[in-house]
Amino acid sequence: MADPAAAGTAGDPSRRPDRPRGNRRAALVMLTRALLVAVCVVLAYYLLPMDRPGTLRTVMVLVGGVLAVLLVFAWEVRTIMHSPYPRLRAVEALITTLVLFLVVFASVYYLLERASPGSFSEPLTRTDALYFALTTFATVGFGDIVAVTQAGRVVAMLQMAGGLLLAGVAARILTEAIRTGLGQRRDRGAGGPDATGPDDRS
């Protein structure tokens with residue numbers, strides 16, 4: 001006599017015995033990819049030349065960087081909605097967006113200090129600028145590095161506002177994208193084994 005549980009898993013692709021193994025493999029791939037992207041972004045921050053400071057250059061980096069964060073986030077939301085693993089894809093998207101956000105503002109702080117020495121309570125190296133960007137985002141407020149000039153404080157306020165949006169609005173958008181992705185995955189699964197594509201079985 002056939003096992004009802006086995007029969008059920010045979011007809012439902014989402015309940016196949018190899019599904020957990022596929023989920024673990026997908027989680028490992030996406031986490032590794034997110035970490036590689038984060039490492040590449042940070043390496044670019046340290047290696048790209050930023051030795052010609054200027055007010056216009058600083059403004060261009062700020063505007064262009066914020067636009068890049070928005071474009072990357074919009075692309076990540078789209079991929080979440082079409083991914084067979086929307087929750088895992090959302091974690092990858094959050095890591096990528098957060099690292100890019102911090103590096104953009106660290107670059108602006110570094111360029112601002114070089115263009116207008118004394119903008120902060122002490123001269124900033126690239127590591128100092130990244131440290132200040134992270135402490136500002138985390139609202140830790142150690143107080144060892146603070147913005148002194150009006151320009152420095154305006155950029156810090158922009159980062160604070162962007163951090164609040166990233167923590168609030170962006171989190172809500174990611175949640176909705178996950179729900180959409182899960183709904184589409186259920187729709188594909190409801191069509192039977194023939195309705196699932198190669199991505200669903202990986």
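**Close-up 1. Arg 89 and Glu 76 meet in a salt bridge.** In this predicted model, the side chains of Arg 89 and Glu 76 come to 2.8 Å, N to O. Arg 89 sits in helix H4 and Glu 76 in helix H3, 13 residues apart, so the pair links distant parts of the chain. Are these two buried or exposed? Arg 89 counts as buried, at 8% relative accessibility, and Glu 76 counts as buried too, at 3%.

**Close-up 2. Helices H3 and H4 pack together.** Here you're looking at H3 (residues 55–81) and H4 (residues 86–115), whose axes are 9 Å apart. The angle between the helices is about 180 degrees, and anything over 145 counts as roughly antiparallel, so that's what we call H3 and H4. Their contact has 20 nonpolar, seven polar and three charged residues.

**Close-up 3. Arg 33 forms a salt bridge with Glu 92.** The closest N and O atoms are 2.7 Å apart. Arg 33 belongs to helix H2 (residues 19–47) and Glu 92 to helix H4, so this pair ties together parts that are 59 residues apart in sequence. Arg 33 is partly exposed, at 37% relative accessible area, whereas Glu 92 is buried, at 5%.

**Close-up 4. Glu 176 pairs up with Arg 179 in a salt bridge.** Their closest N and O atoms are 3.1 Å apart. Both residues lie in helix H7 (residues 169–190), three residues apart, or about one turn of the helix. Glu 176 is partly exposed, at 37%, while Arg 179 counts as exposed, at 53%. How many salt bridges does the structure hold? Four.

Note on methods. Residues numbered from 1 in each chain as written. Predicted model: local features only at pLDDT ≥ 70, side-chain atom pairs only at ≥ 80, totals over all residues. Heavy atoms only, no water. Axes fitted to C-alpha atoms, helices over the stretch in contact; angles between N-to-C directions. Helix = DSSP H or I, 4+ residues; strand = E, 2+ residues; numbered from the N terminus. Parallel < 35°, antiparallel > 145°, perpendicular 65-115°, else oblique. Nonpolar A, V, L, I, M, F, W, Y, C, P; charged D, E, K, R; others polar. Buried < 20%, exposed > 50% of the residue type's maximum accessible area, 1.4 Å probe, protein only.
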